[in-house]
Amino acid sequence: MQTSTLFALLLLLVLVAYGTGFSRAVAAARGRGGLRNLAALPSYYGLHTALWCGLPALLLLGGWLLFDDAIIRALVMNSLPDKPDTVAGQNLLYAQIQNLAAGHLLGDASPQVQAAAEHFSTLQQRGSVLQAALTLILAIGLGAIAVLRFSPQLRAREKVESVLKAVLITCACAAIFTTVGILLSVLFESLRFFHEVPITEFLFGLQWSPQMAMRADQVGSSGAFGAVPLFTGTLMVSAIAMFVAVPVGLMSAIYLAEYASARVRNLAKPVIEILAGVPTVVYGFFAALTVAPFIRETAAAVGLHASSESALAAGLVMGIMIIPFVSSLSDDVINAVPQSLRDGALGLGSTKSETVRKVVIPAALPGIVGGVLLAVSRAIGETMIVVMAAGMAANLTANPLESVTTVTVQIVTLLVGDQEFDSPKTLAAFALGLMLFLSTLVLNFIALHVVKKYREQYD
Amino acid sequence: MTDSNQSNGHSSVRERIEQGLARRHRKEKIFRGLGIASIAFGILVVALLFTDIISKGAGAFRQTAIELQITYDPAVLGIDKVDHESLTWANFTGVIRESLRARFPEVSGRSDKRELYSMVSSGAPFTLRDRLEANPELLGKTEQVWLAADDDVDTFVKSLDDSKEGFRGRTSEMMAGWIQQLLKSGELKRRFNTAFFTNGDSREPEQAGIRAALVGSLLTLLVTLVLSFPIGVAAAIYLEEYAPKNRWTDLIEVNINNLAAVPSIVFGLLGLAIFINFFELPRSAPLVGGLVLTLMTLPTIIISSRAALKAVPPSIREAAMGMGASRMQVVFHHVLPLAMPGMLTGAIIGMAQALGETAPLLMIGMVAFIVDVPGGVTDPATVLPVQIFLWADSPERAFVERTSAAIMVLLSFLIVMNASAVWLRKKLERRW
């Protein structure tokens, strides 16, 4: 049976269960003289039966869908008398078996594989029948039990609400599951990577060329995994970005908060915030096709050589992307500084700019620093702009006109396209991902800490 | 005595102050100027970005086409009846070549002829096939058909707008002559580029379209919305209305705030390692893309939903409680409907964020070259931002134009979404 039909059937059953529960409650109420003699409203009795009918069956179905492929695979592979030793070989063989079972494999297959394919298709058929049968039996059985055990004293509302609350808690824990998922996925592959490449080489090596040699005599494919050029590249691009974003963002926030009239503010603020809504791939395109050629030509005009993909182009555009981030965060903290402080400074005779520089900014500094740190973590993790405009070459350079590469660019290049999951080349991407995750985590933590610790309480 | 002293001292202090004042006012002006300059810079960049994209991409909505006199000659086509089977093998290329030769009888020599044939898009035979399949009675007859020109012709014709010479990167002098000749006689024209909206991706710029990517984006967003909105709202309800203040809740809050700042590419790594390698879900599928984007947008939706719940005044809850409602009834019957507009606004903003996201989708294989429009959430698909990324990498000049046009489509979707979020907030949100 198709999974979608099964879902539809299940839904139908749930509706029937709801209706049965509801009508039983109404009938019972009629016998006792009114709804008030029930422990809950009829709709809660309906929901109660519906939950008994639907929830366990749905959980079973979900679990089945997640694990049936793996179980069938294990059964099929174990039935084979001799199988390849490597994971890749096993994958290949299994794919062959699957294709054969689906009926579109050209060429000849050994009788052994053919037998396995037959085994596979019988298992699959049996599996789907079993899945449908078990799900429906569970749904009908539990639904029937719930209907039979109906009594007007049953506190249906409390039961339904406790289930609902459990659902709410599960949803709230999604954030924790995600964090754990990220940590597990990145950590495991990174540990495998550090088995093959020592962690000191990864952290302190100066050479990055992740191509692994296919043949022993291949040129330039030593497989060096020293990530220092990536770290410096990331730092340089981020530094350029912050060099653009912090002054512009901060000054525009100050102007909007302290100087601008309400009209200018209402007009300029949304326009600058448009920059935050533009997708990064658009910035990447802008950097690669408009800013980079402009920089190259300008550099050539003053007699410098700039490569067509330069750290400067990527950094500038990334800075533009981050401007609204810095400005809206600073705007919030500047507005949070109480007016009395400004009035005091102005009353002592200081000019407006002196008030801002000597009173408002120091008062707002923790918030601004926190915002800037968050902006840095965003710059480090930004991907598309650098992929499209900063280049792939792992140069260890301090010249912003040369092309550099960053951690995120390398993750993308290593993982896009064909990949085998046990080569250090692929695993290296996860190690880089771990570095990225940890550094942004630390930055966020420091940012929150700074804001909390050094915030002056005024109210 | 004291008088003169005072006036003396007064004047010197006053002098000093006045000297200082000039300096301080100058500083004030500079400071203010810097503020104005920053704002101006921001606005200028926005203007520059948009004019750059629009000026590059506006041309892509019109595509150069050649009018040819096509004879559906059964002998050339190699078919005797019109049905699906025979049309698949019919030689429409030959028909087009015949017609080009008839239009330019003076062209001779193999390389010249090849040059002539290359003026028409390599997708033109399929256009003719579809035409003939729709109107079988055309077999053996002659008609005037507008066929898409090759992208080099298109680029050249469009560059004639900017200069008399035009950009002749890959167009020979001979071909430029033919083009000028056709332009004069009105047989070469720019027409609305329907292919851009009805086709999937293609290696040939003149046949490349955004339909497949658009549908892929739609499916991905659908999965994201169906998953992230209920989960986000449920999480927000729990945290805002139920959660006791304890370590566990603190942990959840710290996690949500942290996830909001985790780089999107890390979510791609998670999707690759868990959804694709562990659960063996199909690669390049909108289902996996939607799952990854769900995890990514959840913090946004949870945070905005919590803000919306917080904005509902406690008096509403107290009144409902006072009438004997249970806690769940208070939340679901009274608080939630009042908080809904704010939650929807947050959801739309989260969806806009998901629509523009590229990096995590690269990780889970949505960069594949996909021509067909996906039919379901498990079919291989690509999304609009990834399509933009792929086209931006293509060397043909005509793809620059199409990339910009695709960006225009993407940006207009985002503008519509954000504008509707603002409108919704203004229209429905209640001030208490």
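Biologist: Does Glu187(B) count as buried or exposed?

Modeller: Start with the scale: buried means under 20% relative accessible area, exposed over 50%, and partly exposed in between, using a 1.4 Å probe and protein chains only. Glu187(B) has 16% relative accessibility and so counts as buried. Keep in mind that this is a predicted model, in which local features need pLDDT of at least 70, side-chain atom pairs count only at pLDDT 80 or more, and totals for chains, interfaces and linings use all residues, while side-chain values use heavy atoms, without hydrogens or water. Residues are numbered from 1 along each chain as its sequence is written, with chains lettered from A and ligands numbered from 1 in the order in which they are written.

Biologist: Which side chain meets Glu187(B) in a salt bridge?

Modeller: A salt bridge here is a side-chain nitrogen of Lys or Arg within 4 Å of a carboxyl oxygen of Asp or Glu. For Glu187(B) the partner is Arg103(B), at 2.8 Å from N to O. Helices (H or I, at least four residues) and strands (E, at least two) are DSSP runs, numbered from the N terminus. On that numbering, Glu187(B) sits in the loop between helix 8 (173-185) and strand 3 (188-192) of chain B, and Arg103(B) in helix 4 of chain B, so the pair ties together parts 84 residues apart in sequence. Arg103(B) is partly exposed, at 24% relative accessible area.

Biologist: How many residues apart in helix 4 of chain B are Arg101(B) and Glu98(B)?

Modeller: They are three residues apart in that helix (residues 92-103), which means about one helical turn separates them. Arg101(B) is partly exposed at 31%, and Glu98(B) is partly exposed at 39%.

Biologist: And what is the N to O distance for Lys245(B) and Asp250(B)?

Modeller: That salt bridge is at 3.6 Å. Lys245(B) counts as exposed, with 71% relative accessibility, whereas Asp250(B) is partly exposed at 39%. Over all chains, a search of the whole structure gives 21 salt bridges. In chain A, a network of salt bridges links Arg155(A), Arg157(A), Glu158(A) and Glu161(A).

Biologist: Now the domains. Which ones does the assignment give for chain B?

Modeller: Domain bounds come from an automatic or database domain assignment. For chain B it gives domain 1 (2-58), domain 2 (60-203) and domain 3 (211-428). The C-alpha centres of domains 2 and 3 of chain B lie 44 Å apart. Contact means heavy atoms within 4.5 Å, and here it takes 18 residues from domain 2 of chain B and 17 residues from domain 3 of chain B.

Biologist: How much area do domain 2 and domain 3 of chain B bury between them?

Modeller: Buried area is the accessible area (1.4 Å probe) that two parts lose on being put together, summed over both. For this pair of domains in chain B the value is about 1600 Å², with 57% of it on carbon and sulfur atoms. On the domain 2 side, Phe196(B), Asp201(B) and Arg203(B) lose the most area to domain 3, together 38% of what that side buries.

Biologist: How many salt bridges does the rule find across the interface of domain 2 and domain 3 of chain B?

Modeller: The rule finds one across that interface. Glu401(B) and Lys158(B) form a salt bridge, with their closest N and O atoms 2.8 Å apart. Helix 7 of chain B gives the most to the domain 2 side that touches domain 3, with four residues.

Biologist: How many residues does the contact take from chain B and from chain A?

Modeller: The contact takes 73 residues from chain B and 75 residues from chain A. Together the two chains bury about 6500 Å², 79% of it on carbon and sulfur atoms. One salt bridge is found across this interface, and the side chains of Arg24(B) and Glu354(A) meet in a salt bridge at 2.8 Å, N to O. Helix 1 (residues 2-57) of chain B gives the most to the side of chain B that touches chain A, with 21 residues.

Biologist: One last feature. What is the phi of Ser284(B)?

Modeller: Ser284(B) has a positive phi of about 60° although it is not a glycine. Ser284(B) lies in the loop between helix 12 (264-278) and helix 13 (286-311) of chain B, and is buried, with a relative accessible area of 9%.
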